[in-house]
Structure formats: structure tokens, C-alpha cells
Amino acid sequence: MNQDYIQPDVWSIIEEGFDPDRVKSSESLFSIGNGAMGQRANFEEQYSGATFQGSYIGGVYYPDKTRVGWWKNGYPEYFAKVLNAPNWIGIDIFLNGESLDLHTCKEVRDFRRELNMQEGWYCRSFKAMLANGLEIGVKVTRFLSLDFDEVGAINYEITPLNEDAEIVFSPYLDSGITNEDTNWDDQFWNTTKVSSENHQAFIEAHTMKTNFATCTFMESQLMYQGKKIDSNPEIKSTETRVGLSYKHNTEKGTTLILQKFGGYTVSTNHKPQELINAAKKALKQTTNLGFEGLLKKQKEAWAGIWEMSDITIDGDVKAQQGIRFNIMQLNHTYLGKDSRLNIGPKGFTGEKYGGSTYWDTEAYCIPFYMATKDQQVARNLLKYRYNHLEKAIENAQKLGFTNGAALYPMVTMNGEECHNEWEITFEEIHRNGAIAFAIYNYYRYTGDYSYIPEMGLEVLIGIARFWHQRATFSKQKGKYVILGVTGPNEYENNVNNNWYTNYLAKWCIEYTLEQLEKVKEGYPEDYDRIIGKSKLKSSETEQWNTVANQMYFPYSEEHSIYLQQDGFLDKELITVANLDATERPINQKWSWDRILRSPYIKQADTLQGFYLFEDHFTTQELERHFDFYEPFTVHESSLSPCVHSIQAAKLGRMDQAYTFYLRTSRLDLDDYNKEVEEGLHITSMAGTWMSIVEGFGGMRVVDDKLSFTPRIPNQWEAYTFKINFRNRILKVKVSEGKSSFELEGTEEMSIRVHNKRVVLQPGKEVSV
């Protein structure tokens, strides 16, 4: 963990000083995106040192054939790779014949990177002495447009400092790229056409197997002394690369600027034969605005995002920087415009994990998007799962389930399971429950019931059928058990009766039965359609009810707690506090066999159930379970600290809650898990938002109304956040001893604060 690497700043991520050992980590931390595409913060110019190049297009993937030692029936045939897309940011630069490469420069000084979160741009500047003795100053600004999400822009400035220089800028496109993450070193892209005209260039390429057609494009313009230079570039092209070379003699102390606009058009949005025309249209729209005009619109767009989603923290710069970084990266990854897209664990910052969605979306991300966007954004995330229902049924069929039982994938791009670790693919079935809970949570929060009769009930029926068939009646216990599973704690595999999984199964069935009755009464036409389509009979629902009523839950009378799984107390119960620090993180230091036999918990498991179903248990029960399980938790999943922060706050343990908050908010900035160079932990960033709003703010929905139990860490002077609750905007400010609430709009609203009713009038701040 390096806490001195990123400079504390409330609105920017700043790195000062050039260190080749930090390049790959910085490429992750300074990543940018606009919901449709994204890229790591690779240098535009040549860099011969260690680097992880990555540009990504939302929804474009490759089905890399599963690589396993031996095949098991039901195994996914492929692991979906998030593809490194053709590179459009590249600019080869030669100065008096010498290539600009920070890895080979004699000296690099005054190196600085900044990711400006408030305005949505990334900037890098430095001074360097090349091998030929030329000294230069460089400043590069880059962003991906929110308004025109097929386009990004680069402004690259070079100033010779000690002598005149012949500067050659060669902006290029390159489709001859490879993935950092690949099973068989397959060729993922097939380049079909390389072309250029005037100051524009295009590469048409399609993915192998999946056949996503793309056009990578660029347009460049040279500027000197504030004026555009009309010079015809030299064109250099190969089968997979095209470059435009601009040469200019630049006086010492003056600045030469290359402005480059580039990006992607994709067959998911355009006809394949229209990709170049679409690219030309996108370029015309953005170059007409110019770099500064497009940047102005970028700042305005980000101002709109921050107006609703910003969380302010007074008195704690690192905490403030952490939450804004998390909120920015979530918006880089997903803006809710396209229901075909979802939120990958690494977003557009890396290739690890593959797939575009995990259960993280439903368990962690939907609350953030419900509260900071229009409810349609969260509805699109639920629609994504409905659109994949048939694939979920196919996934279950491959494992032997019948009659429309649905098992949603652990990892997916198109609804098919594409995760190839057996203990996850076959056993981490609790993901089904997270999807059902998200349906419940969406209605609870937004009040929009229409999703359930339109789409959600069909999803619930498929999930309930799965749980019914997955449970086994144990004659010994006289209860239904669920055998051979992996819970959220992936440091236990193939266990019996994971409490969280069993509890979800029971709840899912009961919730589905409730919704069947509700839809039958209130939406008879939808009910008849759904029953006809699913062929659901009362005899089947009676069997579901039996399973739910007789579900087994492992319990310890000695400790008065639910056991994480049947054999948990058989382990050698040595707490994390007694674990040698040199052994951490255990997932990098221990064998898998040793981890599985240990009591150590990767992330909240039983406590995850207490988080989702908090109102099912007393505070005393939560306290007993928290005190038992947290000491065994190593938090080596990014999804763990946020849940513990929320629960510690509920228990009034504010120092502990604050420590967990810092860990979740600065997980990547401080590289707690020593892996940030692989990419950021995007989905857990939504958990950071939850730590403040649900943890410190104590926000809940109780009896169909908002309820707050605000608390504040000792390290903070005050904090504020906004939420959109049922199309009404509420601003909350919490300081020591006082909480203030202000409602926007035209209608009054009643909430509960510390369990007392408070009526809010629009435009009037109420302090409690």
C-alpha cells in the first residue's frame, strides 16, 4: 500500500514525479471513459518501458475458448474477453530526428499527471532532455466526450527549451494490437480496410467469432503561434496501421500543438457499411466545435453529473478525494443510456475478470444509480437481466435443471455463462438471489411497480424454479438443504448449507409467491400472459412453499449465531489479528488448499445477508454476528469493506466504520490489495457511495418512506449528499449534532429522522 503516491486534492487525482515502476499503476488510476468507451492512461507517444496498453469499447468482446486441464460437463465453452480495441490515441514524435520516449530520455523532470474530476479531463506535463541533448516542455490534455460518446480529443503541446527543433508529429491508428489477458494468444481482430483522406484516417476491423464490425478513426490538425498550419501530411500505412506525418521547424521557446480527434463507430449502433460515414459525421460535429469548444461542453456535462451525484466532505481531504474518484469512475463506466450494456468489475480500466456484468451490479451498483440518476437508468439494468432470461434458462438446462428453471451467469456478456472456474461457475449460485433482490429493491426505492408485471415476474419465476430444484430434502435433518455451493466468501468452496445462499433461496421463493398474488390481483392481463408463457401451476407453487418453509439454516447454540456453513466451527479459529502481517494478502502468499482450510473470509458472507435483510434481524443479532465474523475477515475482496462500514456505523462504532470507509474509498488510490496496475475495482466503488449514504447517513426505506439515522465520523466537520427518491430531489447535510434536509420540487414530503416524522416543504431547509 502506498499512501504517498497520489497527492491529496479535493477535485483532482495528481501524481508528481516520473517513476517507471508506477507507470502501469498510473495507467489504471488515470483511466478515462464516457460509458460507451474507455481507455487506460497510456502515453500517446512511444514508450519502451513496462506498460499495459488498453482501449475498450462497451459491449464488444471475444469468446476466448475455455482453457482447463480437463473438461467437465456443463463447463462454459468460452471465457468472454474484454477486448483491447484498436489504438487511436497513438502519436509518434520525433525531435531533431530523435524519438520521444520517456524510458530512454536522459532526464525527465517536473512530471505531473492530473485527472480533473470536476471537469472531466486528463492532463500530463513534463520537461525532458532527449539523448540528442534537446530539452523540451510537453503538455497533453485528453478527454472522452460525454456529449458525443463516439469521440475523444487530444491536445498535444511541445515547446523546445534550449534550441530550435524540427518536430515531427505522426498521429496514427493501429489495429495490430493484442490483449493483456488471453487464453490461447488468439488473433482477436481481423483488419479489413485501412484508408485515409486529407487529415482523416480510418481502419475498419471486426472481431473474430463475434463479428463486431468497428471503424477506428482520427482527424488531426497542426497549430503554431495560435494559427492552424495548412500542410498536407505524409501518409504511411500497412495492413493494420495508418499514420499521418506532420513536420514543422519550431523556434526555441515557442509551442507547436497537434490536436487529434478520434474514436470508434460500431456495428451495434450503425450498419456495417455505414461505419466510415458515421465516423465522418462524428468528426465533423466535434471538429466544428474545436478542441476548446468540445472541452467546454465536457465541463458543462460533468457539472450536470456533479450537481446530482456529488458528495462533499468537510475537514478530510483524502476522504473527499476518495469518494469523488469513485463517483467519477462509476460515471466513466456506465451512464445508463444503453440497456445492452452493464458494469464490468474493471470497467474500461483493465481486462481482468472478463465479462460485462457480475452479481456486483445488482447487489452494489443499482442503489447508486437509482439515487443519482433518473430511475430509467436502474430500470435499464434490470431490463438487461430480463433480456437474458432465455439464456439463463439455457444455462440451467446445461446443468440438468428443467421446466424453465433459470440460473443467471456469474459472468456474462450476452447472457451465457462464460466463467471457467468450477467452484464459481457451478457453485456460486447466490448470484440468482442478488438479481431477485434488485427487483425488490428497485420497487422499494422508486415505487415503480410496473417492471414486475412487465418483466420482473418472469425472472422471479425462473429463479424460484431454480431454488426449488437445487434444494434437496435431508431425511436426517428433516429440512431442505442446499449442497455443494460457494458463498460470497470465495475462500470456502464446495461447502454445504452456506447460510447466505439458503436464506436467499427461501426469501426468493417467498417473494415470488407474494408477487404472483399481487400481479394476479392488480394486473390480470399480465398475469394471464405470464402464466400462459411459463405454464406455472398451483401444484408447483405449493412445492416451492414447502421448500421455503422447511429450509435448513446452520446455527450455533454456543455462539448464538448462524453459521456461515455447516463445517465452519470445525476450522482452527485463529483471528486475523493473530495472522503474521508478512502472510498478507493470503491470496498472494498461501496455497489455495491452505486458504480453503482456514477460517479466513474474503468478504462479507453471512454479514452480506444481514446487510440485505437488515430489517429481518434485531440490532443485537447483527452485533453478535458482526463480532463473531469480522475478526476472521481479511477483506481481500473489494466488495467487503463497504458492507462492514455500513454495519459498523449502524452499531455506533464510528472509528471502525471510518476505517472501513477509507479502505473502500481509497482501495485503488492507495492500492490496498497491491494489484491496481491490473485495473480499478469499479463495482465496489458503488459500495463506497453506500458507505456514506446508507452507513453514515443511515438512509433506509421504511414503510414506503425515507428514513435517516445520520452519524458523522470524528474526522469530519460535515458532509452532504443528494438523492433522487421517486423523482423528488432531497439534499442532506450532516454536521456534529445537527442534520439538515432540503427538498426540491413543488410537493411536500414526509421522512423519518432518528425515528421521528419530519415534514419537508420544497425550498425550505429543515434542521433536526
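This is a predicted model: local features need pLDDT of at least 70, side-chain atom pairs count only at pLDDT 80 or more; totals for chains, interfaces and linings use all residues.
Beyond its neighbours within four places in sequence, Glu-417 is in contact with Pro-76, Tyr-78, Asn-395, Pro-409, Met-410, Val-411, Thr-425 and Arg-431.

**Nonpolar cores**

The largest nonpolar core contains 220 residues. Tyr-156, Phe-169, Ile-692, Leu-706, Phe-708, Trp-716 and Ile-723 have the most contacts inside it. Helix α10 (residues 499-522) contributes the largest share of this core, twelve residues. Another core, of 18 residues, lies apart from it and includes Cys-123, Val-151, Ala-213 and Ala-282.

Setting aside neighbours within four places in sequence, the residues in contact with Ile-723 include Met-308, Ala-371, Tyr-445, Trp-689, Leu-706 and Phe-708.

**Packing of α4 against α19**

Helix α4 (residues 360-372) and helix α19 (residues 682-696) have axes that come within 8 Å and cross at roughly 55 degrees. The two helices are therefore oblique to each other, and their crossing is left-handed.

On the α4 side, the contact is made by Asp-360, Ala-363, Tyr-364, Cys-365, Pro-367, Phe-368, Ala-371 and Thr-372. On the α19 side, Thr-683, Ala-686, Trp-689, Met-690 and Glu-694 take part. Ala-371 and Trp-689, both in this helix contact, are also among the residues in contact with Ile-723.

Terms used
Residues are numbered from 1 along each chain as its sequence is written. Side-chain values use heavy atoms; hydrogens and water are left out. Contact means heavy atoms within 4.5 Å. A nonpolar core is a set of buried Ala, Val, Leu, Ile, Met, Phe, Trp, Tyr and Cys residues joined through side-chain atoms within 4.5 Å. Buried means under 20% relative accessible area, exposed over 50%, partly exposed in between (1.4 Å probe, protein chains only). Helices (H or I, at least four residues) and strands (E, at least two) are DSSP runs, numbered from the N terminus. Axes are lines fitted to C-alpha atoms, for helices over the stretch in contact, and angles run from 0 to 180 degrees between N-to-C directions. Angles under 35 degrees count as roughly parallel, over 145 as roughly antiparallel, 65 to 115 as roughly perpendicular and the rest as oblique. A crossing is left-handed if the near helix is turned anticlockwise from the far one by less than a right angle, and right-handed if clockwise.
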